[in-house]
Amino acid sequence: MIDVDIAVIGSGSGNSLLTDDLSDRTFAMIEGGAVFGGTCLNVGCIPTKMYVHVAEIATAVREGGRLGVDATLERVRFTDVRDRVFGRIDPISAAGEAYRRDGEGVHLLRGRARFTGPRELEVALLDGGTEQVRARRVVVATGSHAVIPDELAAAAERESVELHTSDTVMRLPDLPARMLVVGGGYIAMEMAHVFSAFGTEVVVSARGDRLLRHLDGDISAAFTAAAAEQWDVRFRTTVTDLRRTGSGVTATLSDGSTVDTDVVLVATGRRPSTQDMGLDVAGVEVHDDDRVVVDEHGRTTADGVWSLGDASSPFQLKHVANHEARVVAHNLAHPEDLQSYTHTAVPAAVFTHPQIASVGLTEEEARAQGLDISVKVQRYGDTAYGWAMEDTSSICKVIADRRTGRLVGGHLLGPEASTLVQPLIQMMAFDQPVADMVRGQYWIHPALTEVVENALLGLDFNPPEDHVESPPLA
């Protein structure tokens, strides 16, 4: 039996819990995955964006002609890109694991953890055998994993077809000539952009009639139109059958059409990795979607058990998981002074083409809440830097509450969206009035940030005669 102060299950953001404030505590760090360091480092945010940067350069070369730059893209050396990406990431993962293995006061256990009682765990070690752990506090930080629909998995097994997810597709041995992307969410759209830019012929099978349906309606509609121009998008379809052929795989879609492909990438969603952990034995309750139930401080329904990140959060975002890890680390060190999770003004970005970023409410959500809103859509192409880019399709959309003069939502589609959204995040996070934010500082002319400035200036806070006062926010 290993007896420790704190057992952490998961080495992603959970790895950040070993802070100076807790340097006098003993830890068990338990990781059951093939690699150490979590999703973001190994198969998520970081490697995908390293690929996306290359895709953006390739796309810029192809599109240079409209600006008078005649350039030809000879090829993208996929294997060189892959080896450069993971040649940086794999050593970081290995070094992190070695650091924890050699760390004083830390027991690193590579295996699958399961509760056997209150704050007691059995770890099935990857190299065989088991280890028992007893802890005064336990943190469930197991993250999430890619989900493959049962019927698709069954078809693939029947035909011995390998289905790829974001875990494996970036380590393909060679750049495929053809790829079928199953899904219309952010991972599907990022990978469609990457492989299409690299030279792969991409077909997308999406269940709905729009892509990225969780976004603001205007943004989703504009992106859907842009995507349909880049890739062969089969809307309102699912994959009903897979058949191995001599040259690859033939997929049959629900509309009766077929797709001949070399690689099938399934990006239909992610699920919290909380199954088969014996959470019920520990007294830890879960939501219907397998997220661990936590309060505002990160405490579960079991005394001494905490959770953070994708295992419990409604936001599958690394920056949220990192925030929650900071809160839990503080609370473990200072139980008399508990801090709370802050989930206001949570931003997100989709690194596809065109890039997308958002924070706060969509227009549809704001109207559903009964807010009296002012909406402004500003085109990049109506600003000086937009002229330089000859941009005709990128937009910044801002949504404000007339009653309070505050921003309630901001959405961008276009170059540098993930950077341009930051002033909007700041406004909402610090509850700054639009008028103060937009006129209380300089905006560099003619920088692209003028898109945001002009969007905010375009908001109308003078209600019409038939104005109805919006209800106060809950």
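Here's a quick briefing on one strand with its partners, and on one helix residue. The model is predicted, so local features need pLDDT of at least 70 and side-chain atom pairs count only at pLDDT 80 or more, while totals for chains, interfaces and linings use all residues. Residues are numbered from 1 along each chain as its sequence is written, and side-chain values use heavy atoms, with hydrogens and water left out.

**Strand β9**
- Buried means under 20% relative accessible area, exposed over 50%, and partly exposed in between (1.4 Å probe, protein chains only).
- Strands here are DSSP runs of E with at least two residues, helices are runs of H or I with at least four, and both are numbered from the N terminus.

**Its partners**
- Strand β8 (residues 178-182) runs parallel to β9, joined by 5 bridges; two strands pair if DSSP finds at least two bridges between them.
- In that pairing, Val 182 sits opposite Ser 205 of β9.
- β9 also pairs in the parallel sense with strand β10 (residues 232-234), over 3 bridges.
- There, Val 203 faces Asp 232 in β10.

**The crossovers**
- Helix α5 (residues 186-198) makes a right-handed β-α-β unit with β8 and β9.
- Right-handed means that, with the strands pointing away from the viewer, the path from the first strand over the helix to the second runs clockwise.
- Helix α6 (residues 217-230) makes a right-handed β-α-β unit with β9 and β10.

**Asn 331**
- You'll find Asn 331 in helix α8 (residues 318-333).
- Asn 331 counts as buried because its relative accessibility is 1%.
- Setting aside neighbours within four places in sequence, Asn 331 is in contact (heavy atoms within 4.5 Å) with His 297, Trp 306, Asp 337, Leu 338 and Gln 339.
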